[in-house]
Amino acid sequence: MLEKLVKSLVEAPVVKKGDYDYFVHPITDGVPLVEANLLQEVAEAVSKFGNMDVDKIVCVEAMGIHLATAISLLTNIPFVVVRKRSYGLEGEVAVHQTTGYSEGELYINGLRRGDRVFLVDDVVSTGGTMTSVIKALQRIETDIVDVMAIIEKGDGREFVEKETGIKVNTLVRANVIDGKVVVEKITAGQHN
Ligand SMILES: O=P(O)(O)OC[C@H]1O[C@H](OP(=O)(O)OP(=O)(O)O)[C@H](O)[C@@H]1O
């Protein structure tokens with residue numbers, strides 16, 4: 001299961017962003033090439049292991065968009081993109097994002113109280129992004145049916161669960177050890 005994802009992860013180059021070991025991978029960076037069969041494998045796993053009984057998929061710009069697109073095409077569920085730019089539309093919710101190497105603002109439009117949502121992102125690492133987006137979804141009073149990150153790295157998943165009370169599902173756990181990506185576990189279906 002998830003052979004293409006695992007193989008491409010262990011082959012992924014690692015670069016330093018400050019002190020942060022950053023792996024560069026097609027799913028998380030769109031580099032060097034996003035093979036359709038890799039995206040298909042990931043989208044099928046998300047729809048298989050995720051609870052897709054929702055009104056909307058929610059993803060985060062930028063490297064959640066291709067995932068939400070593939071999952072939407074597979075499930076016929078529409079998706080909303082949490083953007084890195086403000087539109088000033090009525091009801092827009094601003095979110096401060098921090099990662100292990102950057103920070104910035106995110107803006108949520110298109111969601112309202114009672115929407116049943118599936119939140120998907122490519123990576124949960126420090127958990128900063130997912131925590132702030134979930135807290136905003138809670139402020140909007142959406143019904144967060146399921147949350148999934150394709151790759152969990154470090155202890156970000158546990159951080160999100162502690163900060164928000166929301167369980168985070170993932171497909172694989174990977175870490176960077178001595179400059180190489182190690183896939184420690186296939187976590188698909190493990191957390192829910
Ligand atoms: O758990 P965290 O430490 O928050 O890291 C995870 C986040 O980092 C990346 O976002 P980023 O804004 O760096 O990049 P992107 O625009 O390429 O998605 C990634 O897409 C996740 O959203």
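1. Thr 28 has contacts (heavy atoms within 4.5 Å) with Tyr 22, Phe 23, Met 63, Asp 122, Val 123 and Ile 151, once residues up to four places away in sequence are set aside. Thr 28 sits in helix H2, residues 26-29; helices here are DSSP runs of H or I with at least four residues, strands are runs of E with at least two, and both are numbered from the N terminus. At a relative accessible area of 5%, Thr 28 is buried (buried is under 20% relative accessible area, exposed over 50%, partly exposed in between, with a 1.4 Å probe and protein chains only). Gly 64 is 36 residues from Thr 28 in sequence, yet their C-alpha atoms are 8.1 Å apart.

2. A word on the basis. This is a predicted model, in which local features need pLDDT of at least 70 and side-chain atom pairs count only at pLDDT 80 or more, while totals for chains, interfaces and linings use all residues. Residues are numbered from 1 along each chain as its sequence is written, and side-chain values use heavy atoms, with hydrogens and water left out.

3. Next, Val 120, in strand S7. Val 120 is buried, with a relative accessible area of 0%. Leaving out neighbours within four places in sequence, its contacts are Ile 57, Val 58, Cys 59, Val 60, Ile 71 and Met 148. From Val 120 to Val 46 is 74 residues in sequence but 8.8 Å in space, C-alpha to C-alpha.

4. On to H4. His 66, Leu 67, Ala 68, Ala 70, Ile 71 and Ser 72 are buried in this helix, and their cover includes H2, H3, S3, strand S4 (79-82), S7 and S8. Have a look at Asn 76 too: just after H4, this residue takes a positive phi of about 65°.

5. Now the cores, a nonpolar core being a set of buried Ala, Val, Leu, Ile, Met, Phe, Trp, Tyr and Cys residues joined through side-chain atoms within 4.5 Å. In the largest one, of 34 residues, Leu 5, Leu 9, Ile 27, Val 42, Val 46, Ile 150 and Leu 171 touch the most other members. Elements giving two or more residues to this core include helix H1 (3-10), helix H3 (36-49), strand S8 (143-152) and strand S9 (169-177). H3 supplies the largest share, seven residues. Another core, of 24 residues, lies apart from it, with Val 60, Ile 108, Leu 119 and Ile 166 among its members.

6. How do H1 and H3 meet? Their axes come within 8 Å and cross at roughly 120° (axes are lines fitted to C-alpha atoms, for helices over the stretch in contact, with angles from 0 to 180 degrees between N-to-C directions). That makes H1 oblique to H3; under 35 degrees counts as roughly parallel, over 145 as roughly antiparallel, 65 to 115 as roughly perpendicular and the rest as oblique. Glu 3, Lys 4, Leu 5 and Ser 8 of H1 meet Asn 37, Leu 38, Glu 41 and Val 42 of H3.

7. Last, H5 (128-139) and H6 (156-164) pack at about 25° with axes 9 Å apart, and are therefore roughly parallel. Met 130, Thr 131, Ile 134, Lys 135 and Gln 138 from H5 meet Phe 159, Val 160, Glu 163 and Thr 164 from H6.
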